[in-house]
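Student: Before we look at any detail, could you take me through this structure slowly and tell me what stands behind each word you use?
Tutor: Gladly; here it is.

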Amino acid sequence: MKLLTALRRTPLAWRQTSHRPMRLLAAIAGVSFANVLVFFQLGLASGLYASQKRPLQRLNGELVMVSRRYTNLGEPLNLPRSRLIQALGVQGVKAVTPLYIGKTDWLNRDSREKKQALIFGLSPENPALRIPELEVDRSKLLRPDGLFFDILSKQAAGPVGQVVTRDGYYDTELRGKRAVVNGLFTMGLTFAADINLLTSASNFKTWFPDQSSDDIQLGVIQLEAGVSAQQVQSTLESFLDPSVKVLTLKQLEEVEVDHWRNNTSFGLIFNLGVLVGLVVGAIIVYQILYSDVSDHLPEYATMKAMGYSDGFVVGIIVQESVLLAALAFAPSLLLSMGLYALLARSTSLLIAMTLQRALAVFALTLVMSAGSGWLATGKLRRLDPADIF
Amino acid sequence: MAPLTPAAGPSEGANADTIADRDTNRELRIEVQHLDHWFGAGETAKQVLCDINLTVQAGEIVILTGPSGSGKTTLLTMLGGLRAAQSGSLKVLGEELLDADNTSLTRLRRQAGFIFQAHNLLPYLTALENVRFGLEVTPAWLERGRAAMDDCAAAMLGQVGLAERLDYYPEKLSGGQKQRVAIARALAPSPRLLLADEPTAALDKSSGRDVVALFRQLANDSGAAIVMVTHDNKILDIADRIINLEAGQLVDN
């Protein structure tokens, strides 16, 4: 009933906002810009975090064993292979397989430029990573100096993809030794390196001769069907040497994301970016509404003199702020989706709009706008209708 | 505790008769007694109203004159519930406004019509909507719906000679036309009390007369009490009573 009578009122907030269309457009543009800033930061952050998980999502097992001090994939730490073998003794464990991870310089043959590469060594009979391109012909990995090259690697690595497609191989060198790219795969980059490479476990050892034959960097544990990963995990934790730890794949992904969020400046930078976007939006809304209040003070005083309550008058401004936020949201959402597409293409980061994020930004911008709308009504609340006349 | 006596019946009846008599045409809409008012506080306080005593009945038009700075506008704003009374007694439409809080002041303002020197129309609403906005403050009008309010607003604008200007925004209206919209806005809800500050200042002679005739009509038809501040000699004849304010005091003519 109350709502029905409210609908019979002249929609003052809307009439006032729409009375000057150019001013309204400028306001919407300003608030949209602020929203896009927020979306940009959130998108980039989530894209960064999601992209870090890509190699982990290829892990061919249910549990992983890493060094106790493991923080992220880009900083591989050794653990003894014998620890991984121990896991075979636990009931429910079907097989184990090592993943060798190393960081090395990659030489662009044409520009002689050096780029950072992350190289994964797999055991050909039971690869620790699920790579569909490898299933086609595993024997390629067995070639003594053979490498697979991630075609999502940075352009600066050289025209490896084209050359391999055309000639079947691409000659280069790794750590002073000859290397031949004779296969391509698609995985996607992380912030750890510009290039992803795959090779066999034995090739890996020839490029990293300083590692002992017992050193591995990550152990993949494969379970029998229907076995609980948590259960095996706790059994393993109960007897394994404390220098290693066992994680589920989900935990490993969380560790990775936490590392980038908390141990690097990324988290802070993105949070600050979001804050800056919100503050810009708040200032724009405040500016617009404050000047609206100042320009129309006698009219608002008249409303009070006519018998409209303080709450009603303040409500008009707060409604205007919410209206601005709502009107600016759709354009900013569209713009941001365009921006995401552009970013995803140019950075190969996994940046996409999610409903959750859209709703979160909508809620944030509403709260931010209503807050600055309310701040802008300070003069109105103190306004005494008798002083105007 | 009063003893029940046979005499109580007839005396009550007599009382009821006098009350009914006052209700029809002698109801007091304004009762001011020993009203003082100061601006500021402490050492710098300045007295602007001094021992004002005034009553205005339903259906009566009172014109308030006096030199500028004599406190006319202050008195008018107090009668309209824009300021609470500080001392003495100020009863408007049956409500005591001595030290009144915001809620009771706001309630009074809804029942009183106010016409100011400056029209203060909302620039983003048409003439019709400005008048309707004056109706919307009353829950009773909201109940009746927008169509009813529009009809009432259009009729009122017709009465002030603006039937052809309903959909005009204030910026497209002349000063006099804007003032007439403001007058329509105050008159449309048929207030029980109308307070006007120089309502005809922006009007030419004939539309000034027309507006004043409307005031008379409002007073006669719905028994509104009207208090008007004016220096416009052409309309003094409309008043039932002219009172003069000088340096915050009412002086007899």
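Tutor: Helices (H or I, at least four residues) and strands (E, at least two) are DSSP runs, numbered from the N terminus. By that reading, the secondary structure of chain A comes to 17 helices and 11 strands. This is a predicted model, in which local features need pLDDT of at least 70 and side-chain atom pairs count only at pLDDT 80 or more, whereas totals for chains, interfaces and linings use all residues. Residues are numbered from 1 along each chain as its sequence is written, while chains are lettered from A and ligands numbered from 1 in the order in which they are written.

Student: What radius of gyration does chain A have, and what is it set against?
Tutor: The radius of gyration is taken over C-alpha atoms, and the globule rule is 2.2 Å times the number of residues to the power 0.38. For 389 residues a compact globule would come near 21 Å, but chain A has 30 Å. Along its principal axes, the C-alpha trace of chain A spans about 95 × 55 × 35 Å.

Student: Into which domains is chain A divided?
Tutor: The bounds come from an automatic or database domain assignment, and they give domain 1 (11-52 + 265-388) and domain 2 (69-241) of chain A. Taken over C-alpha atoms, the centres of domain 1 of chain A and domain 2 of chain A are separated by 48 Å. Two residues are in contact if their C-beta atoms, placed from the backbone, lie within 7 Å, and the contact between these domains takes 4 residues from domain 1 of chain A and 5 residues from domain 2 of chain A.

Student: How many residues does the contact take from chain A and from chain B?
Tutor: The contact takes 18 residues from chain A and 25 residues from chain B. On the side of chain A that touches chain B, the elements giving two or more residues are helix H1 (2-8), helix H2 (12-19), helix H13 (297-306) and helix H17 (385-388) of chain A, and H13(A) gives the most, with 5 residues.

Student: What makes E6(A) and E11(A) edge strands?
Tutor: Two strands pair if DSSP finds at least two bridges between them. In chain A, 9 strands form an open sheet in the order E6-E7-E5-E8-E4-E3-E10-E1-E11, with mixed pairing; strand E6 (170-174) and strand E11 (244-248) of chain A are its edges, each pairing on one side only. Within chain A, strand E1 (residues 63-67) and strand E10 (residues 218-223) pair in the antiparallel sense over 3 bridges, and A:Leu63 stands opposite A:Ile221 in E10(A).

Student: How do strands E3 and E8 of chain B run, and how many bridges join them?
Tutor: Strand E3 (residues 61-65) and strand E8 (residues 225-229) of chain B run parallel and are joined by 4 bridges, and B:Val62 stands opposite B:Val227 in E8(B). Both strands belong to an open sheet of 6 strands in chain B, with the order E6-E7-E8-E3-E9-E10 and mixed pairing.
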